[in-house]
Amino acid sequence: MKKGFTFNGLKSSDFGVYITGEAVYDAPVYDYDFAEVPGRSGDLILDNGRWNNIEVRYPAAVRDLTKMQAIRDWLNGPRGYCELTDDYNPDQYRLAVFSGGLSVSPFNNRAGRFDLVFNCKPQRFYKPGVSSRFAPLFQDGLSYYTSDLLAMDTTFENETCVLIQENTTASAAFENLAHINVWRAYGSGSSTTYTGTQARALVQMSGTTATIDLFDLTGHGNAYTYYQLVFTNTNINYHFKASNGADVRIRSAITLYNPTPYASKPLLLFYSSQSSGTDGAVPAIVVNGIEVDADGFNGTLYVDCDLQDAYLITDGQKVNGNSYVTLTDDGEITTEFPVLKSGSNTISMIPDVTITSDIRLGECWVEIDPRWFTI
């Protein structure tokens, strides 16, 4: 079977390009400086805290030389690092920029051979596995979900938001759910309360998966409905299927296990369906002692702990989002971004918002791409 690679989202096979041998590269070199100290034997090691880039070279062939101009445009077009994945290591990717010319050795009058050279960051990142997306579970056992719909939104009845519990039986489904409160118009309008028994009566079973369709509950409406889910404890394993299709676990804390010997710098994603203001509607998280609090934005805010930068994406363009983020360490403002150390890392949530009739939470959650990597 012919091997190929993907660069900047495009497959080499789309251009008739195939790898004729596995990538050639040396192990990256850790960046140390060495200083001589008079009167002291041995150099002083100055740790610069980084690995140097490496060169990755693929021996390759193209079936049709008439495609060479399209190949050059594809490889040379991007500015900055792009994801590079090959069929030899499909569960890993690099961040690379094409750095070599294309000197082709033709054969058979139609095909040609050449080396493809990429300048790559030193890490071989593992592709994300199970989603680390989670919604706030309050320490007292409360979790909130608010439909993000305008009062005149006629699509409301076609939306779906379900509460899901997997690997359970009908008799045990949602046994930790004390009651569901359903309010309209920020809680100042009509309301309906379902006790645990009433809520469990609404359970729909499919095998060992139990669901309650929140939008089927009496009392909801298309005028800013929100739901208060009250659990008897925080040791639960429920999740939402939100109105936009996102699968969101309900958690007060999660544990991420870094299987590598290298500390990683994660990408954090904070989502809020409307401006979260200064009320703390999007939960802050604490990663190994560093608290990351994000407020006042609308949409998806990315916090890149490697670049030490925060941004939103609007109309396909990055927009500076650093003003929405506050980092603290033991209550003191810090410029240190969190890292995920080798082994277990506990990420706790701090959803300290107080729900009142004039605060609209909307859908909100946090997602973590841990960026595990090897060298």
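# A guided look at side-chain contacts

Visitor: How many salt bridges does the structure hold?

Guide: The structure holds 6 salt bridges. Keep in mind that this is a predicted model. As a general idea, side chains of opposite charge can pair when their charged atoms come close.

Visitor: Which side chain meets Arg57 in a salt bridge?

Guide: That partner is Asp115, with 3.7 Å from N to O. Arg57 is in strand β6 (residues 54–62) and Asp115 in strand β10, so this pair links distant parts of the chain, 58 residues apart.

Visitor: What does Arg249 pair with?

Guide: The side chain of Arg249 meets that of Glu166 in a salt bridge, 3.8 Å from N to O. Here a strand is linked to a loop: Arg249 is in strand β21, while Glu166 is in the loop between β14 (162–165) and β15, 83 residues apart. Arg249 counts as partly exposed at 25% relative accessibility, and so does Glu166 at 33%.

Visitor: And where do Arg371 and Asp304 lie?

Guide: Their side chains meet in a salt bridge too, at 2.9 Å from N to O. Arg371 lies in the loop between β32 (364–369) and β33 (373–374), and Asp304 lies in strand β26 (residues 299–304), so the pair ties together parts that are 67 residues apart in sequence. Arg371 counts as buried because its relative accessibility is 15%, and Asp304 counts as buried because its value is 5%. Buried means under 20% here.

Visitor: Let's turn to rings. How many aromatic pairs are there?

Guide: The structure holds 19 aromatic pairs. To read one, look at the distance between ring centres and the angle between ring planes. The rings of Phe7 and Phe118 have centres 5.2 Å apart and planes at 55°, so this pair is tilted. Phe7 lies in strand β1 (residues 5–7) and Phe118 in strand β10 (residues 111–120), so the pair ties together parts that are 111 residues apart in sequence. Both Phe7 and Phe118 are buried.

Visitor: Why is the pair of Tyr30 and Trp51 edge-to-face?

Guide: The planes of Tyr30 and Trp51 are at 85°, with ring centres 5.0 Å apart, so the pair is edge-to-face; planes over 60 degrees apart count that way. Tyr30 lies in strand β4 (residues 30–35) and Trp51 in strand β5 (residues 44–51), so the parts tied together are 21 residues apart in sequence. Tyr30 and Trp51 also belong to one aromatic cluster with Tyr32, Phe34, Tyr93, Phe125, Tyr262 and Phe373.

Visitor: Where does the charged end of Lys3 sit?

Guide: The charged end of Lys3 sits over the ring of Tyr88, 5.7 Å from the ring's centre. Likewise, Lys318 lies over the face of Tyr311, at 4.3 Å from the ring centre.

Visitor: Finally, how many residues does the largest nonpolar core have?

Guide: In soluble globular proteins, nonpolar side chains tend to be buried together. In this structure, the largest nonpolar core has 29 residues, and those with the most contacts inside it are Phe174, Leu177, Ile180 and Leu214. Elements giving two or more residues to this core include β15 (177–183), β18 (209–213) and β19 (226–231). Strand β21 (247–251) is another one of these elements.

How values were computed:
Residues are numbered from 1 along each chain as its sequence is written. This is a predicted model: local features need pLDDT of at least 70, side-chain atom pairs count only at pLDDT 80 or more; totals for chains, interfaces and linings use all residues. Side-chain values use heavy atoms; hydrogens and water are left out. Rings of Phe, Tyr and Trp (its six-membered ring) pair if their centres lie within 6.5 Å; planes under 30 degrees apart count as stacked, over 60 as edge-to-face and the rest as tilted. Helices (H or I, at least four residues) and strands (E, at least two) are DSSP runs, numbered from the N terminus. Buried means under 20% relative accessible area, exposed over 50%, partly exposed in between (1.4 Å probe, protein chains only). A charge sits over a ring if NZ of Lys or CZ of Arg is within 6 Å of the ring centre and within 35 degrees of the ring normal. A nonpolar core is a set of buried Ala, Val, Leu, Ile, Met, Phe, Trp, Tyr and Cys residues joined through side-chain atoms within 4.5 Å. A salt bridge is a side-chain nitrogen of Lys or Arg within 4 Å of a carboxyl oxygen of Asp or Glu.
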